[in-house]
Amino acid sequence: MLYKAVLFDLDGTLTESGEGIVKSVQYALERLGFRDINRKDLLCFVGPPLVRSFMKFYKFSREQAEEGVRLYRERFGKVGIYENKLYPGIPEMLRKLKASGYRIAVASGKPEEYVLKILNYFEIASFFDVVTGSLMDGRRLSKKEVIEECLSRLGMSDDRKHVLMVGDREDDVFGAREAGVDCAAVLYGYGSEQELKAANPAYIVETVDKLTEMLVNGPEAPERPSADESGPSFAGDAKMSYRDSEAPAGTGETAGTGGGPAGKMGSCGAQDPAQTAEILNEKRQEDASQADYGDLPIEDRLRRQLDFSLEIDKEKNIFRQTHLSGKGRNENDAEHAWHMAIMAYLFREYANEKVDITRVMLMCLIHDIVEIDAGDTYAYDEAGIATQKQREDAAKERIFSILPDDQRSELIDLFDEFEACETPEAKFAHAMDNLQPLMLNNSNHGGDWREHKVRSGQIYRRQEKTRLGSARLYEVIDSLIQKNIREGNILP
């Protein structure tokens with residue numbers, strides 16, 4: 001067998017991840033003040049390191065690029081990571097490779113913790129002997145460094161001629177070359193045929209089926225330059241093409257820089273540096289989604305109520321830092337609102353004052369709708385909290401204005417009452433808003449507190465509103481906080 005181990009890139013090779021990456025890049029750019037962004041022009045961010053892409057395509061300084069990555073992760077880590085799907089045939093290919101005796105690994109430029117989450121989400125992690133990615137602090141950023149670490153973990157640093165890298169972008173080809181391993185470039189991902197041919201990989205493969213066939217049957221050895229030939233001596237100077245006869249080169253699906261089902265790289269033209277210098281720290285408000293009712297005889301009031309009902313469906317896509325019990329995925333805003341509304345009904349006997357429980361439950365259900373536009377603000381993110389009111393006020397006006405005027409006023413008044421935290425109902429609703437995530441965090445052994453290095457003082461300051469709503473529930477919360485301090489989950 002020519003190769004003993006195969007290293008796979010993730011984005012564009014195992015998974016079709018463009019949607020989550022592009023939307024998260026768009027989110028970051030909009031938070032930085034850029035407007036009228038065409039998502040097709042952001043596909044070039046799929047693959048290369050994000051810092052480098054922000055600097056290359058938007059002329060960011062290093063500091064601005066790192067802020068772009070931070071904002072990107074706000075969305076990607078909670079929702080973008082799941083806007084993703086396996087390419088058809090990937091599990092079957094991995095199963096056949098293991099049966100053929102290959103050692104298989106992932107070597108991705110994506111942060112390793114994201115890679116592991118994605119592989120586990122798609123239930124394919126068990127196929128891989130080694131999983132390697134970049135580090136969240138910016139180390140191990142280049143493809144060469146990722147491949148080197150992967151080879152080290154496989155124990156194959158001294159056997160590179162028997163290792164094949166598989167990827168969809170020129171970065172994969174260049175990184176493999178620098179690490180001294182052959183590379184097979186796939187055309188079903190995000191790199192164009194023009195880009196990949198220019199990078200000069202050892203093999204060019206058109207589909208997952210052709211890649212499976214090539215590896216299971218054993219690829220032919222690539223031609224390598226002799227010592228007296230000009231140019232560097234490295235693996236992959238010659239290309240062998242494995243393509244389907246039904247899809248010749250030059251179709252929109254595999255060639256050029258435009259469109260196609262695979263979502264090829266767009267123009268990604270560099271931005272005017274002057275635009276970057278004028279960055280504004282506010283998020284663009286999108287128009288409300290409007291359902292298509294055709295010619296149905298629906299009066300204006302009902303139509304606006306239906307439009308609002310459809311708009312708030314977006315709340316299910318706003319993911320919080322808190323994880324579901326049982327160390328599950330991140331909780332979304334709609335789940336949080338539903339959970340605390342039920343809790344309010346169950347715990348109403350512990351309210352400090354008599355409350356209108358219907359009003360409390362409605363506050364719980366609507367208080368995070370504004371995050372459809374404003375985004376989730378983590379409870380202990382001081383920078384985010386500084387701009388939270390401005391972002392949420394703008395979101396409140398846009399979203400609730402979809403409703404008829406009387407219901408708009410009713411829900412805005414209810415939202416403002418919750419924020420003011422002065423009435424018995426608002427105080428009790430805040431108690432639920434604070435108890436619910438703390439309860440989940442405790443059930444998960446303080447994982448979210450440990451990840452964010454949260455201190456007890458931060459938690460106690462937030463829980464002051466709980467005391468205003470329910471002295472009894474505050475006693476329970478105090479006991480849980482102390483327990484997690486003793487267990488080392490919360491910093492003193």
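I start with a term: a residue is called buried if its relative accessible area is under 20%, exposed if that value is over 50%, and partly exposed in between, using a 1.4 Å probe and counting protein chains only. By that cut-off asparagine 489 is buried, with a relative accessible area of 8%.

Some ground rules. This is a predicted model, where local features need pLDDT of at least 70 and side-chain atom pairs count only at pLDDT 80 or more, while totals for chains, interfaces and linings use all residues. Residues are numbered from 1 along each chain as its sequence is written, and side-chain values use heavy atoms, with hydrogens and water left out.

Back to asparagine 489. This residue sits in the segment after α21 (471-486). Which residues does asparagine 489 touch, leaving aside its neighbours within four places in sequence? They are His445, Gly446, Trp449, Arg450 and Asn484, where contact means heavy atoms within 4.5 Å. One of these, histidine 445, is 44 residues away along the chain, yet the two C-alpha atoms are separated by 7.1 Å.

Now the whole chain. The protein chain has 21 helices and 11 strands. Both kinds of element are DSSP runs numbered from the N terminus: helices are H or I with at least four residues, and strands are E with at least two. Of the 492 residues, 52% count as buried. Among contacts with a separation of 6 or more, 68% are between residues 24 or more positions apart.

Next, the strands. Two strands pair if DSSP finds at least two bridges between them. Strand β6 covers residues 163-167, and five of its five residues are buried. In a regular strand the side chains alternate between the two faces of the sheet. On one side of β6 are Val163, Met165 and Gly167, on the other Leu164 and Val166, and all of them are buried.

Strand β6 pairs with strand β1 (residues 5-8) in the parallel sense over four bridges, and leucine 7 stands opposite methionine 165. Strand β6 also pairs with strand β7 (residues 182-186), again parallel and over four bridges, with valine 166 opposite alanine 184. Between β6 and β7 the chain passes through helix α7 (residues 170-179), and this β-α-β crossover is right-handed. Right-handed means that, with the strands pointing away from the viewer, the path from the first strand over the helix to the second runs clockwise.

Strand β5 (residues 130-134) has five of its five residues buried. Strand β4 (residues 103-111) pairs with β5 in the parallel sense over four bridges, and proline 111 has serine 134 in β5 as its bridge partner. The path from β4 to β5 goes through helix α5 (residues 112-121), and this crossover is right-handed.

On to salt bridges. The term means a side-chain nitrogen of Lys or Arg within 4 Å of a carboxyl oxygen of Asp or Glu. The whole structure has 38 of them. I picked three.

In the pair of glutamate 112 and arginine 153, the closest N and O atoms are 3.2 Å apart. Glutamate 112 is in helix α5 and arginine 153 in helix α6 (residues 143-154), 41 residues apart. Glutamate 112 is buried at 17% relative accessibility, whereas arginine 153 is partly exposed at 34%.

Glutamate 331 and arginine 320 have their closest N and O atoms 2.9 Å apart. Because glutamate 331 lies in strand β11 (residues 330-332) and arginine 320 in strand β10 (residues 319-323), the pair ties together parts that are 11 residues apart in sequence. Buried or exposed? Glutamate 331 is buried at 1%, and arginine 320 is buried at 10%.

For aspartate 373 and arginine 398, the closest N and O atoms are 2.6 Å apart. Aspartate 373 is in helix α14 (residues 371-374) and arginine 398 in helix α15 (residues 382-400), 25 residues apart. Aspartate 373 counts as buried at 5% relative accessibility, and so does arginine 398 at 16%.

Last, the surface. The protein chain exposes about 22300 Å², and carbon and sulfur atoms supply 50% of that; accessible areas come from the Shrake-Rupley method with a 1.4 Å probe, and for residues only the protein chains shown count as cover.
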